[in-house]
Amino acid sequence: MFDKILIANRGEIACRVIKSAQKMGIKTVAIYSDADKQALHVKMADEAVHIGPPPANQSYIVIDKVMEAIRETGAQAVHPGYGFLSENPKFAEALAAEGIAFVGPPVGAIEKMGDKITSKKIAQEAGVSTVPGYMGLIEDAEDAVKISNQVGYPVMIKASAGGGGKGMRIAWNDDEAREGFQSSKNEAANSFGDDRIFIEKFVTQPRHIEIQVLADAHGNCVYLGERECSIQRRNQKVIEEAPSPFLDPETRKAMGEQSVALAKAVGYASAGTVEFIVDGDRNFYFLEMNTRLQVEHPVTELITDVDLVEQMIRVANGEPLTITQDDVKLNGWAIESRLYAEDPYRGFLPSIGRLTRYRPPAEIVTDTAVVRNDTGVFEGGEISMYYDPMIAKLCTWAPTRAEAIEGMRNALDGFEVEGIGHNLPFLSAVMDHDKFTSGNMTTAFIEEEFPEGFDGVTLDDASLRRIAAATVAMNRVAEIRRTRVSGRMSNHERKVGDDWVVTVQGESYPVTVAADSEGATVTFDDGASHRVASDWTPGDLLATLDVDGTPLVLKVEKKTGGFRVRSRGADLRVFVRNPRQAELAKLMPEKVAPDTSKLLLCPMPGLIVKVDVAVGDEVQEGQALCTVEAMKMENILRAERTGVVSKVNAAAGESLAVDDIIMEFE
């Protein structure tokens, strides 16, 4: 076995690989850029090598710099993680040339599966079900129309070298086929330097389901069940689960066997993933093969009890697999939520800055529940603009899907992240959505259910009453502590009344609190009551309560007259007032938000790349005003209405914070 492995990556996946290597007794080497000098993966590794400036194209993906780090440390193998150099055949060749083991598949498999046209042809020859389409050279737009008619609308026009949604268009008629062909061709040329295009049938009611395969260099290959990855935004996965709630055993077996056939056809050895699109009738079609470890691999590990990173290392060391297909048993259900540094209230724009608070839920492993958090950050650390915005992958496991979802709800509620925008509220909203809980979702889930974006969650009356009961009980504890601190009366409890009015989400609930040594009974004016128990102490930012025997986890901040409470994706201002205060509150005027309609505010911390307009210009709705860069993405800010620019406050090259005024309008 190897003595030392270098991890050619960063963040949570580097940390994940280090954990398995340490468990195997293998020393690890981290590499880091200037921006990652204090990163968690650097602290976890046995040694670390600096490889350059923050931009990845000057550090993490410069093959020569990584090779130099390998030579310097004497690492015998390299695990590439995912992204960066993980599917770069030139990197694998460079390692082979110096006798360094690549913890991944052979170069030939990477090359063949890296091209969508080649991979589809190989899949067809291996007997894998593929989407009807045309894989040959498409001459021009009219040729594209002819082929689209032969395949049958709707069709998907795709770049052969595509990825991440680039070079991809759906066409429902001849005009859209002409336009889509040219747009995809241009986009592919600009993004990948390869303008080859192919056309295939667009699958309706599509679900994204992928099969995990594991193969060695001795001809052995198994499949480890499937993952459902249909909850996506802009072709990027957000929530994954294993197994899929949609597949039956027969379909699973057919997909698994075809995936193994494809892996064997390309001489695969390592962990890999075969992705399929599955229609409403469980017809499945090959999409592509990812020749690396997938982001969502933990859910497969949780239902199979197979450490995929360990297996990859053993295969790279030349060892045969020790498991056969008969050994693979799927146990229970696992769900993964990707926690991103992106603000769902601002169109999911990237958010950067310092993590002033980062407290994941406690990781647990029992016979009935698992909470796992793969992360690469820590409290006080910086979220940089240079890399992927993923903060963590929160996973839960339970014997059933319903229990795994409930475990995820509570884990998300108990995940404390402050200092940056993040998508925790959105993830919570998905966990409570009927389409998700029923398992009846497609890849269009987010587009269909959140067409206007995400603006928070509106809780139902039952949830509001539970929160009202919890907060009035917490308020009583806080009031008792306050009177104790003041020391003005020895019998302080008598100063705290029993009658209160809780106002939350526009609803007011008159309640009576009867407290005892075990908790409090909160009775509403209609006679309904809730029993609340908790060990919450004033000042705690996380409250774990029991309401009528059911857990309730709240993120809590004490505010004048009540609390700020976050739960199940809702961000609530809760007022707890005595009856007289509640009467007077009704007479108070509502505070009106300032008018920002004539201002262009910076939606995220970032760098102004260019400004497209000047003072005096008349702009039209939808016109580009400026471009802001953050986290490897350029975001074009456009005019929301017609107007005239009266002032420009920022210039290209300037760094701005959230809500800085970029320009003003008359």
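The second largest pocket in this predicted model has 24 lining residues, and its volume comes to about 650 Å³.

**Second largest pocket**
- If you want to start from the middle, Leu599, Leu600, Leu601, Arg638 and Glu640 are the lining residues that lie nearest the centre of the second largest pocket.
- Three strands each put at least two residues into the lining: S33 (599–601), S37 (633–638) and S38 (643–648).
- Sorted by class, the lining of this pocket comes out at 14 nonpolar, 6 charged and 4 polar residues.

**Helices H4 and H5**
- H4 covers residues 89–97 and H5 covers residues 107–114, and the two pack with their axes 9 Å apart, at an angle of about 175°.
- Angles over 145 degrees count as roughly antiparallel, so that's the label for H4 relative to H5.
- On the H4 side, Pro89, Ala92 and Glu93 make the contact, while H5 brings Val107, Ile110 and Glu111.

**Helix H13**
- H13 runs over residues 424–431 and is mostly covered, with 8 of its 8 residues buried.
- By name, the buried residues in H13 are Leu424, Pro425, Phe426, Leu427, Ser428, Ala429, Val430 and Met431.
- For the cut-off, buried here means under 20% relative accessible area.

Terms used. Residues numbered from 1 in each chain as written. Predicted model: local features only at pLDDT ≥ 70, side-chain atom pairs only at ≥ 80, totals over all residues. Heavy atoms only, no water. 1 Å grid on protein atoms, 1.4 Å probe; cavity = no way out; pocket = protein on both sides within 12 Å on 5 of 7 lines; lining within 4 Å. Points joined across faces, edges and corners; volume = space filled by probe spheres on them. Helix = DSSP H or I, 4+ residues; strand = E, 2+ residues; numbered from the N terminus. Nonpolar A, V, L, I, M, F, W, Y, C, P; charged D, E, K, R; others polar. Axes fitted to C-alpha atoms, helices over the stretch in contact; angles between N-to-C directions. Parallel < 35°, antiparallel > 145°, perpendicular 65-115°, else oblique. Contact = heavy atoms within 4.5 Å. Buried < 20%, exposed > 50% of the residue type's maximum accessible area, 1.4 Å probe, protein only.
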